[in-house]
Amino acid sequence: MPIRNCLITLGLLGLLPLALAAQTPVRIELSSATLSAAVGDRVQLTAQVFDADGNQLDVTVRFYSSARRDFPISRDGVLQPARGGEFVAFVRVNTARNVRDSLVFNIDFPPVREVSMAPTGERFFVGATVRHQSTVIDASGAVRNDVPVTWSTSDPGVASVDRFGRLTAHREGMVTLSARAEDVSASHRYRVVANPIATLSLTMGQDSARTGDVLHATAVALDARGQRVEDAPITYTLVSNAADSVVGQYPPAEVDQQGLFVAQNAGEYTIMAITPGHVAQQTVLITNRFVTQEVQFIGHAAVRDVKTSDLWIWEGIDGRDYAVTGTHGANGTAYFWDVTDPSNPEMIDSIVVDARTVNDVKVSEDGRVAVISREGASNRRNGLLVLDVTNPRDVKIHAEFDDGLTGGVHNVFIYDDHIYAINNGRRFDVINIEDPKNPHRVGRFELDTPGHGIHDVWVVDGIAYTSNWADGVVLVDVGNGIKGGSPSNPVEIARYSDFDGATHAAFPYKSPTGRFYIIMGDERGGARFDGLQSGTPGLMAGYMHFVDFTDPLHPVEVARYEVPEAGSHNMWIEDDKLYAAFYQGGLRVVDISGELKGNLYLQGREIARYMAYDPEGFVPNSPMTWGPQPYKGNLFFAEFYSGLWAVKLQPRVKLTQ
Amino acid sequence: MMRIMAIAALLFGGAGAGAGAGAGAPPAPQGEPEAYLFYVASESEDEVTLLRFTVGEGLTIEKVIPVGVLPAEIEGPHGVYVDPDGLHWYLTLGHGFPFGSLWKYETGSDTAVGRIELGLFPSTVSVPPVGGLAFAVNSNFYGDPEPSTISIIDLASMIEIERTETCTMPHGSRFSPDGLRHYSTCMLDDMLVELDVATLDVARRLDLSPPSGSGAGAVCSPTWAMPASSGEYVYVACNKSHELLEVRVEDWVITWRIPAPTAPYNIALTPDDEKIVVTQKGSAEVSVWRRSTGERIALIPSARKVTHGVVVSPDGRYAFVTVEGIGGERGAVDVIDLLDLRRVATIDVGKQAGGIAFWKVVS
């Protein structure tokens, strides 16, 4: 590798002795023989330091980079770029006021190493047009989208290609399609044959449906002998005649290239399948989904002096119904309620621990043991508490557990005599509570990705569904057996990270359709406005991602539920309904029956919403819905600013005209 | 040749002081001080409060500044420091996903103008007298006990220049008055660490364990290192062994070790180095010591429990002290008159008031 500049005016190492202490550095000049280099080059940077009289000083300088990984600069000023692009090199005298300089470098990108294209096949039909996608990889292994790709064919008379890689065949013959980036090219040889397709048919399975229903368009091309042409190129498209044709709407429907169609507006839609020389079409009638239901207010267990966090509703061993709620940024209190009559919830006990936040509360399956998380302890030993809730009117502490859990425990779950506790946002610990007075750790699970973090864990059927911010959802066998896991030996099953990378909560859903979805909820900060002070509601952002995990090794994100200008938080699924807390967007109930695709919010799948306004709330009249739990026909939910609420979905009423 | 010129740092005439006061604090303005302004971070409220102490009148809240990005999560503002030029203040947020961060705010407008992600639970932050850099200790309060680092950030670009590994659970760091050395403690390793600011390397380490101390775990558990304005000594709070230590910089030895009330935590000195002010986290008091003799001259109860941070005004007249409170209690700020050695004002602020940084004197 060439050394482009060996000029060193201050010595080989930038760490030079302070020889002229009496003279104060006031200026530094960073220089380099070149401001451009290539990946792998070595460039020696130099620096000269001067005092106020212009005398050169012999002092220690420090070189550094705007991007340490892609544009590393050693302490002695040797620059060895690892990636192409524009970067800044800096130098400074740490011990002097504002003695600092910089240079902008343009680093040549490495040459292209590899070009590939897709799709490819053996034959190509006259009259067909297929778009090809190229992938360019440079010598550093980086995928490069900035390198121009030139498409060509060996015989434009046989087939021509446009600048987007769309190859169109004109007559029979052999043709080579090439994609070239810099000096590297990929090519594929096609045999262009006469179009064998004699007929094209399209079926939709049904000719009418509701908004949000997924229809499967199936196009079949047959040759003159009635044989199916398996490699017929099919393009799906549609013509929309939505009932609501007001300008500025979202697209009223979509169809993908697998033929999956879904509409979000009622109307008449013509789905088309196109293959060379043939067009087949079917028109379907889409009606509104009509799933809305009224919500009746049932009761409110008000907590107005502090903010409320999570909730759990359970049937006590005495057969009555109880709730526990946590508090957030407050005084370390967990409240216990008798909600047997949800229209008249009664506070029956509370427990105060040394904490500011009891973020999460959970109760064991048998209704005897609760766990509450602790954050903000005055001695910084947070951990969790195991509680005896056999008599919720007289809750007792079984045990405090902070061994190795002094970091804030943000979320917990109880499953099969074990607590799953989020430890310091880095991993989950598994704590055995077969004897709840003697909890002890039996296992832990932590990702190994750089900068990993974890926010939540939820266990169903021996699988822990963990929410891991940028690492998305990770499924861990903690007793299911699919991977031989156990509480003491958690084993990863599968994972999926979405585009946004803010996974905060996850909930599994086995659909009656046979598909297995995991709903991944974001948590993001919302817009902030000047003047936003305490006493005004917070604003959150983010949405829920629906990931088809039917094949756990190949999960596919298929749908979203996004409430404009509100942010997702906790959720629950029961009977094909998603109960979703959307912070300032309130409580939402969503019909998730059937196959899911596209934007569920726009499809009219919302069954109900409830905005819990409390004029005397911690922040008055400001819904900030934290989490829901359907229970015995009622829907309980925690409100950040006003406590525990209960509502009930009313039967859908068809009005008589 | 394109150059990016550093932002000119203006020396605030007579105003502006680093948090923790003492070392490097610029002189007080001419004239009799009328009021003192300083910032306080409330870790369990996600807010920073700008306070004014008016002589003869008391404490008032100038402004409450919400910090962090998630209204529904506690992000834990911990360390705060005003740039010696008085134009910006810096704040560490302990929690992230999972890493904490350093934020840069303009004074006056209190608008965030920069951010950089650091390590696990960055806590104490300080800026040398010449400005330009911030040293933030990645305390990793809650992670596994393993060596952690000090992040060094170029404040003009908000680029992290270096992470220098020091020890397990670093905390309580300040610069020497000449800005050439940076001192931090190691809560789980019983060490004082000196960094060479020019090279950003560890220059020296000093074992702070009491002579009788042995066995597993920290015995001293030092939580703060505060250099004297003379530069000759560094004072250390042994939070676990309830001691105050004086370390002579020249030969790097402990010159005295005296018992202190329960759990000394943070330290500040008057500019003349005559008084040492120590927060007693365990006993909810502030102790004041005569440095020249090692004699304790006052023990002043705090407004409530868990006394945390302290900064001394540049004129040496007042100590401003944060008090965390417990659970749902509000945090508090106490003002101690260092002449009369008594608490002269108290005001409530957000929960778990901790970091405190002096901004300026108004005359």
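1. Strands here are DSSP runs of E with at least two residues, numbered from the N terminus, and two strands count as paired if DSSP finds at least two bridges between them. Within this pair, Val361(A) has Ile372(A) of β34(A) as its bridge partner. The hairpin leaves 5 residues between the strands, and Gly367(A) takes a positive phi near 75 degrees there.

2. Before going on, please note that this is a predicted model, in which local features need pLDDT of at least 70, side-chain atom pairs count only at pLDDT 80 or more, and totals for chains, interfaces and linings use all residues. Residues are numbered from 1 along each chain as its sequence is written, while chains are lettered from A and ligands numbered from 1 in the order in which they are written.

3. β34(A) also pairs with strand β35 (residues 384-388) of chain A, in the antiparallel sense over 5 bridges. Here Ala370(A) stands opposite Leu387(A).

4. Is β34(A) buried or exposed? Of its 5 residues (369-373), 5 are buried, meaning that 20 or more other C-beta atoms lie within 10 Å of the residue's own, with C-beta atoms placed from the backbone. Both faces are covered, with Val369(A), Val371(A) and Ser373(A) on one side and Ala370(A) and Ile372(A) on the other.

5. Turning to chain B, 4 strands make an open antiparallel sheet in the order β4-β5-β6-β7. β4 (77-82) and β7 (112-117) of chain B are at the edges with a single partner strand each, so one side of each has no neighbour in the sheet. Inside the sheet, 6 bridges join β5 (residues 88-93) to β6 (residues 101-106) of chain B, and Thr92(B) has Leu102(B) as its bridge partner.

6. Also in chain B, Ser229(B) sits in the loop between β16 (222-227) and β17 (233-238). Ser229(B) counts as buried because 20 other C-beta atoms lie within 10 Å. Ser229(B) and Asp178(B) are 51 residues apart in sequence, yet 9.0 Å apart in space, C-alpha to C-alpha.

7. Finally, how do the chains meet? In all, 53 residues of chain A are in contact with 45 residues of chain B, where contact means C-beta atoms, placed from the backbone, within 7 Å. On the side of chain A that touches chain B, β9(A) gives the most, with 5 residues.

Terms used:
Buried ≥ 20, exposed ≤ 12 C-beta atoms within 10 Å, placed from the backbone. Contact = placed C-beta atoms within 7 Å.
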